[in-house]
Amino acid sequence: MRCKHWRRVSLELAQEAQQKAPTGCVDRAARCQLSAHEGDEHYGLLAELDTYGTALWLRWRGAYVDLVALRDCPVAGPGPDGDGCCLFAGHTEQHTWEDASEEVLCTS
C-alpha cells in the first residue's frame with residue numbers, strides 16, 4: 001500500500017513549481033508516492049519536466065519542505081511488458097509495480 005501522508009504546497013513553493021512545470025499547473029497538495037514506510041521523509045509528485053525522464057517532486061520531512069528535480073526510476077517490472085516504476089531513481093521502499101493491492105498512477 002502507498003504511504004498515506006499528504007502535504008499542502010505553500011503558495012511560495014506552488015509559484016516556484018508552476019514556473020518549472022511545462023504546463024504551468026501544479027496541485028496545491030501532494031500525497032507521498034512511496035509505499036507505506038516508517039521513515040518521516042516523504043515525496044509527492046508535482047509535475048513531469050521538459051527534460052526527458054525527470055520530474056519535479058515535493059519533498060518533506062517534518063516542517064522542512066522543498067522542491068527537487070529527480071530522474072525517473074529506471075527499473076521495470078518483470079516480464080517482457082513490465083510496467084515502469086513511477087518513482088525516482090534511488091528511491092527507498094518498493095517499486096510502484098511491486099504492490100498490486102492498490103492501483104498506482106504515475107500522476108500526482
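In the hairpin of β3 and β4, five residues lie between the strands, and Gly53 takes a positive phi near 75°. Strands here, like helices, are DSSP runs numbered from the N terminus (helices: H or I, at least four residues; strands: E, at least two). The model is predicted, so that local features need pLDDT of at least 70 and side-chain atom pairs count only at pLDDT 80 or more, whereas totals for chains, interfaces and linings use all residues. Residues are numbered from 1 along each chain as its sequence is written, and side-chain values use heavy atoms, with hydrogens and water left out.

**The sheet and its hairpins**

- Three strands form an open sheet in the order β3-β4-β5, with antiparallel pairing; two strands count as paired if DSSP finds at least two bridges between them.
- The edge strands of this sheet are β3 and β5, each of which pairs on one side only.
- Neighbouring strands of the sheet are turned by 30° against each other on average, direction ignored; axes are lines fitted to C-alpha atoms, for helices over the stretch in contact, and angles run from 0 to 180 degrees between N-to-C directions.
- Helix α1 packs on the sheet and touches β3, β4 and β5, and its direction makes about 15° with that of β5. Contact means heavy atoms within 4.5 Å.
- Strand β3 (residues 41-48) is joined to β4 by seven bridges, and the two run antiparallel; in this pairing, Gly44 stands opposite Leu58 of β4.
- Eight bridges connect β4 with strand β5 (residues 64-71), again in the antiparallel sense, and Ala55 stands opposite Leu70 in β5.
- The hairpin formed by β4 and β5 has two residues between the strands, and Gly62 in the turn has a positive phi of about 60°.

- Strand β4 (residues 54-61) is largely enclosed by the rest of the structure, because six of its eight residues are buried. Buried means under 20% relative accessible area, exposed over 50%, and partly exposed in between (1.4 Å probe, protein chains only).
- The largest nonpolar core has 26 residues, of which Leu46, Trp57, Leu58 and Leu67 touch the most other members. Such a core is a set of buried Ala, Val, Leu, Ile, Met, Phe, Trp, Tyr and Cys residues joined through side-chain atoms within 4.5 Å.
- At least two residues of this core are supplied by each of α1 (11-20), β3, β4 and β5, and the largest share, five residues, comes from β4.
- With neighbours within four places in sequence left aside, Leu67 is in contact with Leu13, Glu16, Ala17, Leu46, Leu56, Trp57 and Leu58.

**Arg59**

- Arg59 has its place in strand β4 and is partly exposed, with a relative accessible area of 23%.
- The side chain of Arg59 makes a polar contact with the side chain of Asp66 at 2.6 Å. A polar contact is a pair of N or O atoms within 3.5 Å; within protein, one must be able to donate a hydrogen and the other to accept it, and residues adjacent in sequence count only if both atoms are side-chain atoms.
- Beyond its neighbours within four places in sequence, Arg59 is in contact with Glu41, His42, Tyr43, Tyr64, Val65, Asp66 and Val68.
- Arg59 and Asp40 are 19 residues apart in sequence and 10 Å apart in space, C-alpha to C-alpha.

**The segment after β5**

- His91 lies in the segment after β5 and counts as buried at 11% relative accessibility.
- The side chains of His91 and His95 make a polar contact (3.0 Å).
- Leaving aside neighbours within four places in sequence, His91 is in contact with Leu34, Cys73 and Cys85.
- Glu93 is also placed in the segment after β5, and at 40% relative accessibility it counts as partly exposed.
- Although Glu93 is not a glycine, it has a positive phi of about 70°. Most residues other than glycine have a negative phi.

**Cys25**

- Cys25 is found in the loop between α1 and β2 (29-31), where it is exposed, with a relative accessible area of 55%.
- Cys25 and Pro74 are 49 residues apart in sequence and 26 Å apart in space, C-alpha to C-alpha.
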